[in-house]
Amino acid sequence: MSQISSSSTSQSPSARKLCRCGGYIKTWTSWTDLNPRRRFEACEMSRRSRGNGHHWEWLDATTCARGKELIPGLLRRMRAMEEDLKLIEEQKKEVEDKLKMVEREKKELEYKVGELGKQKRVLEENRMGQRPRENRIWGVSFLSMGLGFLVIMMMLCILSNWLTFPGGNSKKRMIN
């Protein structure tokens, strides 16, 4: 059986009662299984040294049998819920700490992605800058080959005509 009690003083300092030992008398509330929610007056010194003539007196009548039966169970349930609440608060703090860590990692990764994006753009610009030169080289090559082919074809045509019609007096071929 626990000896839990709480104090409350509603009197002004000048109206406070004094014990024979010189200590102040305070009003307390018992939360024990035998006297749940029962108020009493006691000298503040009596909590340190029991007995020895210190003031101690019940203010309320004893709790009924049904109250003594119900209140301790309710108090145990309440204390269990308070412990559960503390555990949940600790778990919440752990989750919040993990969330902060994940958010930090996310920011770091976003920064790295940004840096990689910049590098990608630079590489693409470099590659695109090289393509026009390559295209120009290929274009000039194809143009040169085309012109060369055209010149050769023209020369063959001229040569063929020149061989076929030497001096313009050759016989023309007849097509059947």
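**From the helix to the strands**

Tutor: Leu 147 has its place in helix H1 (residues 65-164). Helices (H or I, at least four residues) and strands (E, at least two) are DSSP runs, numbered from the N terminus. This is a predicted model, in which local features need pLDDT of at least 70 and side-chain atom pairs count only at pLDDT 80 or more, while totals for chains, interfaces and linings use all residues. Residues are numbered from 1 along each chain as its sequence is written, and side-chain values use heavy atoms, with hydrogens and water left out.

Leu 147 is partly exposed, at 48% relative accessible area; buried means under 20%, exposed over 50%, and partly exposed in between (1.4 Å probe, protein chains only). Together with Leu 143, Leu 150, Met 154 and Ile 158, Leu 147 makes a nonpolar surface patch of about 520 Å². Patches consist of residues with over 30% relative accessible area and no salt bridge; like charges are joined within 9 Å, and nonpolar side chains (Val, Leu, Ile, Met, Phe, Trp, Tyr) within 5 Å. Accessible areas come from the Shrake-Rupley method with a 1.4 Å probe, and for residues only the protein chains shown count as cover.

Let us now turn to the aromatic rings. Rings of Phe, Tyr and Trp (its six-membered ring) pair if their centres lie within 6.5 Å; planes under 30 degrees apart count as stacked, over 60 as edge-to-face and the rest as tilted. The count by this rule is three aromatic pairs. Phe 40 and Trp 58 form an edge-to-face pair, with 5.5 Å between centres and 75° between planes. Because Phe 40 belongs to strand E3 (residues 36-43) and Trp 58 to strand E4 (residues 56-58), this pair ties together parts that are 18 residues apart in sequence. Phe 40 is buried, at 6% relative accessible area, whereas Trp 58 is partly exposed at 28%. Trp 56 and Trp 58 also pair edge-to-face, because their ring centres are 4.9 Å apart and their planes stand at 80°. Trp 56 is partly exposed, at 42%. Phe 40, Trp 56 and Trp 58 form one aromatic cluster.

Other residues also meet Trp 58. Arg 38 lies over its face, 3.9 Å from the ring centre; a charge sits over a ring if NZ of Lys or CZ of Arg is within 6 Å of the ring centre and within 35 degrees of the ring normal. Asn 35, in the loop between strand E2 (25-31) and E3, is buried at 16%. Beyond its neighbours within four places in sequence, Asn 35 is in contact (heavy atoms within 4.5 Å) with Ser 30, Trp 58 and Thr 63.

Strand E3 also holds Arg 37, which is exposed at 60%. Most residues other than glycine have a negative phi. Arg 37 has a positive phi, near 60°.

Finally, there are the salt bridges, each a side-chain nitrogen of Lys or Arg within 4 Å of a carboxyl oxygen of Asp or Glu. Arg 39 forms one with Asp 60, and their closest N and O atoms are 3.3 Å apart. Since Arg 39 lies in strand E3 and Asp 60 in the loop between E4 and H1, the pair ties together parts that are 21 residues apart in sequence. Arg 39 is partly exposed at 38%, and Asp 60 is partly exposed at 23%.
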